[in-house]
Amino acid sequence: MHGGDRHARPYVSSPSGEAMIRIYAAFLALGLSAQALPAAPLSLPGNAVLSAEVPGGVTTLAFPAGPWDGARVPVREAEGRLRRTAWRLRGQMMTPLQIVDFLRPQLERDGWETVFECRDAPCGGYDFRFASNTLPAPGMYVDLGNYRYLLAERGDGALLSLMVSRSGETAHVQATEVDPVAAEAPALVTSSKSRGAPAGDLAAALEGSGRAALDALAFPSGAATLDEAGISALDAVAAYLADNPAQSFAIVGHTDSEGGLDGNIALSERRARSVRRALIDRYGIPPDQIDARGIGYLAPRGPNDTEEGRIANRRVEIVRTE
């Protein structure tokens with residue numbers, strides 16, 4: 001909390017009926033069900049216009065939970081149904097802090113408790129904003145010298161963040177929520193059409209080219225949670241790692257080119273981390289033997305203008321690093 005820049009709250013006119021309907025619909029789409037919203041719907045100040053609404057399916061998402069420390073942004077993870085919604089607030093001059101203060105009592109009323117809050121430079125500027133799950137323009141704009149971030153949790157394990165900024169006479173608000181209550185079993189997609197390589201082929205690939213694709217792994221579409229249906233594909237990987245304890249490896253996530261680069265890199269790294277975590281927790285692989293990285297669509301193995309190529313490009317690989 002930074003009390004030094006608090007100002008008296010200006011007069012805020014009530015949103016029009018049409019704006020309230022849009023806001024209410026947006027928050028329902030965000031996953032705030034009747035159970036999560038027992039009172040009146042949240043309202044935004046001024047003339048709020050919905051600028052982006054992106055459902056993300058069931059996933060594991062890392063929320064910033066502390067300022068950039070020069071090396072990383074501390075995070076808290078939540079697994080559930082993801083919703084990211086952004087608005088533009090035109091024609092009023094509230095600061096990001098005043099907008100957060102306007103929304104905070106409504107969040108508290110609906111069962112959310114603030115667990116972390118910061119602003120622009122103390123958050124970590126660009127490094128923090130990059131880790132904040134903020135939608136790209138034109139859906140959301142963030143002035144690196146004028147933003148506020150708030151992270152809140154609910155008793156059922158849900159996490160919700162607010163990113164609030166302004167540029168000129170327009171303020172911008174994004175709400176990001178992962179709600180385990182709203183999660184449901186999604187359709188699965190596999191990393192490619194291949195059924196996966198036998199243990200002998202895996203060893204030959206790692207000892208020959210230094211890398212092998214783990215094509216039998218499965219993830220929900222747009223999500224990073226490793227599905228149980230493909231977990232047996234890691235049996236051969238774990239056996240090879242156990243047989244070669246002096247060697248180190250990286251689990252590397254890849255995507256197709258649909259969507260922006262930043263989002264694809266983040267998704268591919270979360271998938272790689274899921275695989276690494278499974279190898280550590282389920283198979284007892286030493287954590288210092290395996291790293292996890294994501295490079296999005298920067299290393300395709302097929303053309304992204306065909307469905308077959310996109311399927312081939314969505315994959316997780318194991319790469320020998322030492």
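Asp 215 is buried, with a relative accessible area of 9%, and in this predicted model its side chain meets that of Arg 301 in a salt bridge with an N to O distance of 2.8 Å. Arg 301, by contrast, is partly exposed, at a relative accessible area of 37%. The briefing below begins with this and other charged pairs, then turns to the disulfide, the aromatic pairs and a surface patch.

**Salt bridges**

- The count for the structure comes to 19 salt bridges, and the pair of Arg 301 and Asp 215 is one that links distant parts of the chain, 86 residues apart. Arg 301 sits in the loop between strand E11 (290–294) and helix H8 (307–313), while Asp 215 sits in the loop between strand E8 (211–213) and strand E9 (218–220).
- Arg 104 and Glu 117 also meet through their side chains in a salt bridge, at 2.9 Å from N to O. This pair joins helix H2 (residues 96–109), which holds Arg 104, to strand E3, which holds Glu 117, and the two residues are 13 apart in the chain.
- Both partners of that bridge fall under the 20% limit for buried residues, because Arg 104 has a relative accessible area of 11% and Glu 117 has one of 9%.
- Asp 156 forms a salt bridge with Arg 154, in which the closest N and O atoms are 2.7 Å apart. Here Asp 156 counts as partly exposed at 36% relative accessibility, whereas Arg 154 is buried at 10%.
- A network of salt bridges links Asp 256, Glu 258, Glu 307, Arg 310 and Arg 314.

**Disulfide**

- A search of the whole structure finds one disulfide, which is formed by Cys 118 and Cys 123, with their sulfur atoms 1.8 Å apart.
- The link of Cys 118 and Cys 123 is right-handed, with 105° about the S-S bond.
- Both cysteines are buried, since the relative accessible area is 3% for Cys 118 and the relative accessibility is 0% for Cys 123.

**Aromatic pairs**

- There are five aromatic pairs by count, and among them is that of Phe 116 and Phe 128, whose ring centres are 6.4 Å apart and whose planes stand at 45°, so that the pair is tilted.
- Because Phe 116 lies in strand E3 (residues 113–119) and Phe 128 lies in helix H4, this pair ties together parts that are 12 residues apart in sequence. Phe 116 and Phe 128 are both buried.
- The rings of Tyr 240 and Phe 249 have their centres 6.0 Å apart and their planes at 80°, so this pair is edge-to-face. Tyr 240 and Phe 249 are likewise both buried.
- One aromatic cluster is made up of Phe 116, Phe 128 and Tyr 149.

**Nonpolar surface patch**

- Tyr 126, Phe 130 and Leu 144 form a nonpolar patch on the surface, and together they have about 300 Å² of accessible area.
- Leu 144, one of the patch residues, is placed in the loop between helix H4 (125–130) and strand E4 (147–153). With a relative accessible area of 38%, Leu 144 is partly exposed, because that class covers values between the 20% limit for buried and the 50% limit for exposed residues.

Notes
Residues are numbered from 1 along each chain as its sequence is written. This is a predicted model: local features need pLDDT of at least 70, side-chain atom pairs count only at pLDDT 80 or more; totals for chains, interfaces and linings use all residues. Side-chain values use heavy atoms; hydrogens and water are left out. Patches are made of residues with over 30% relative accessible area and no salt bridge: like charges are joined within 9 Å, nonpolar side chains (Val, Leu, Ile, Met, Phe, Trp, Tyr) within 5 Å. Accessible areas come from the Shrake-Rupley method with a 1.4 Å probe; for residues, only the protein chains shown count as cover. A salt bridge is a side-chain nitrogen of Lys or Arg within 4 Å of a carboxyl oxygen of Asp or Glu. Helices (H or I, at least four residues) and strands (E, at least two) are DSSP runs, numbered from the N terminus. Buried means under 20% relative accessible area, exposed over 50%, partly exposed in between (1.4 Å probe, protein chains only). Rings of Phe, Tyr and Trp (its six-membered ring) pair if their centres lie within 6.5 Å; planes under 30 degrees apart count as stacked, over 60 as edge-to-face and the rest as tilted. A disulfide is a pair of cysteine sulfur atoms within 2.5 Å.
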